[in-house]
Amino acid sequence: EQKWKIEYIVRCEIFDVASLKWNGGAETELPNPFVEVQVQESKMATERQTNTGNAKFNQTFMFKVEVSHEQFVTTLVEIRVFHGTLWGQELIGQFTMSVNKVYNRPAHTLYKTWVALTQPDKPAEIQGYLQMSCGVFGPGDEVPTAGLEAEDEGVESKNLSDRVQTMPELKMTYYLLTITIYRGEHVWDGVSGEMMCPLVEVAFLGLRQRTKVCKDTKSPNWNEAFKIPVVLPCMESAIVIQVLKDAPQGGMIASMSGTNQIGSTQVMLEDLQEEEQKPRWVNFYLPEVPEQTGGVGGLFSMGMSVAGFGEVDQEAPTRFAGRVLIAAKLESSLRPMAGTSSVSPATDPPSLGYIIWADIYEMAGLESNPYDIYVELSLGPNSFKSERVKGTDGTFTWRDGAGRFKEIDLHLPADLSMVFDLCIVVWSRDQRTSDYKRISWLRVPFKDCIGWKQKPEWRELRPYGAETNVDPDLLLMTLACGPQSERKHARKPPMHYSPKKFVLRSFISEATNLPVVNIQSLCDPCVRINLAGQAVETSVKNSTLTP
């Protein structure tokens, strides 16, 4: 799956604030309000007005963001109303929404709307009202040149409280969201050779809560429950859970995209409205250069994208970074309050014994033409290596059963979405060095490995640092996997593999009805043929639709 980053324009218009409640001063003192809008790391603010609880701003802010699909789900538009002073600012109230929620509305826009301002830890206490519009526009979307105003508000005669309460999107029902973090196993940042000092951060609706730091361990026990008050419906959907490592000597802990982040996952609020999530394992994977992290899908869908062939493949999330046992639920509450509490340890989810059979036969298409290679299979912390073989012209063959892995026998979660992904990594070296390096990789969800079919199949592996037009490397292998209780047949002996040389001749005559590239020019076509990891191309015919 390709993971392109897409550019979006976020347009936010701030019209009015009204009935602001500022609790920091004397009862007769009015706030000096201004509005700050934040998208990712970019912030813009209105001018400050003085001594008023009702103010007009009529200002428009434009943000440009470039995000992957996973980042798009978690990117927020955060609007905060502050009381400004000579020495700083104090939060009066805020309203947050995900760009994904806004984009999925008609015309990708939340039209001119009154919204309630609240403190993150007290959403039931309204601190005032804000009138705003917000639009999110991607490639091919038309960005309105006029204000993002509703065609027919239809509620001008009502007071602000009634107008907010009667809007279908903003009728308020109160809930208490509970995210429980139990423990972790094999937690590792991919860099440190020493023990970790991990902690977990939960962020939703502008509220961030953190577990204690577990010192010098890769198997932390937190057993903490975070309670987050929620007003439904809301304009956010992704609850972000991050695993962080404590900085040495009491330094700052980087959050969201910092270097101290080990992994990130999201829990979708809509799924919790359907059913409670019982304790489940969430797996994390690191790239070769740990910049972002991610993993499995499902209710807990990971934040890191699995690198594809978009631009340069700088991410290769094949190194297991640990797993964390997490639970989540959403309950109705008359007056929800934020808080943290200790909980009893949870029992492991049910598990089954699994058997995995793997044989490799040939590796083809390696443009680097290394001296020798080996293949590594890994499931979480469990790693298995093949024999090393030398090759000819970028092709490597394991003969006479040399590519057979011993039977792998593991106890894994019965729920396949909690099982580690199977990571296949090819290592190579040239004749001048003894150091091996990763050259290509593939990550396969465990559910896609299930089956007892022992038939050789070619699998496409992705070269590290691959550009868009780089062909995949090819690995011929058999893979059979399933619960021990379902094994019905014995393992077959390795296939007798003796490849023969063939020659493919292709005669390319002509093409018709090719598309026009743009209004300035025709296309410049050529034909590319791929076979067994090799590729050839015809010459380029310039400016023609019928070469």
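**View 1. Confidence across the predicted chain.** The protein chain has a mean pLDDT of 82, with 83% of its residues at 70 or more; pLDDT is the predictor's confidence in each residue, from 0 to 100. Residues are numbered from 1 along each chain as its sequence is written, and side-chain values use heavy atoms, leaving out hydrogens and water.

**View 2. The largest cavity.** A cavity here is a set of points on a 1 Å grid over the protein atoms alone where a 1.4 Å probe fits but cannot get out, and lining residues have an atom within 4 Å of a point. There are two cavities of 30 Å³ or more, and the largest holds about 300 Å³, a volume being the space filled by probe spheres set on the points, which are joined across faces, edges and corners. Its lining has 17 residues, with F95, A116, T118, L205 and V231 nearest the centre. By class that's 13 nonpolar, four polar and no charged residues.

**View 3. The second largest cavity.** This one holds about 30 Å³. K122, P123, A124, E125, R335, P336 and M337 line it: four nonpolar, no polar and three charged residues, where Ala, Val, Leu, Ile, Met, Phe, Trp, Tyr, Cys and Pro count as nonpolar, Asp, Glu, Lys and Arg as charged, and the others, Gly among them, as polar.

Conventions
Predicted model: local features only at pLDDT ≥ 70, side-chain atom pairs only at ≥ 80, totals over all residues. 1 Å grid on protein atoms, 1.4 Å probe; cavity = no way out; pocket = protein on both sides within 12 Å on 5 of 7 lines; lining within 4 Å.
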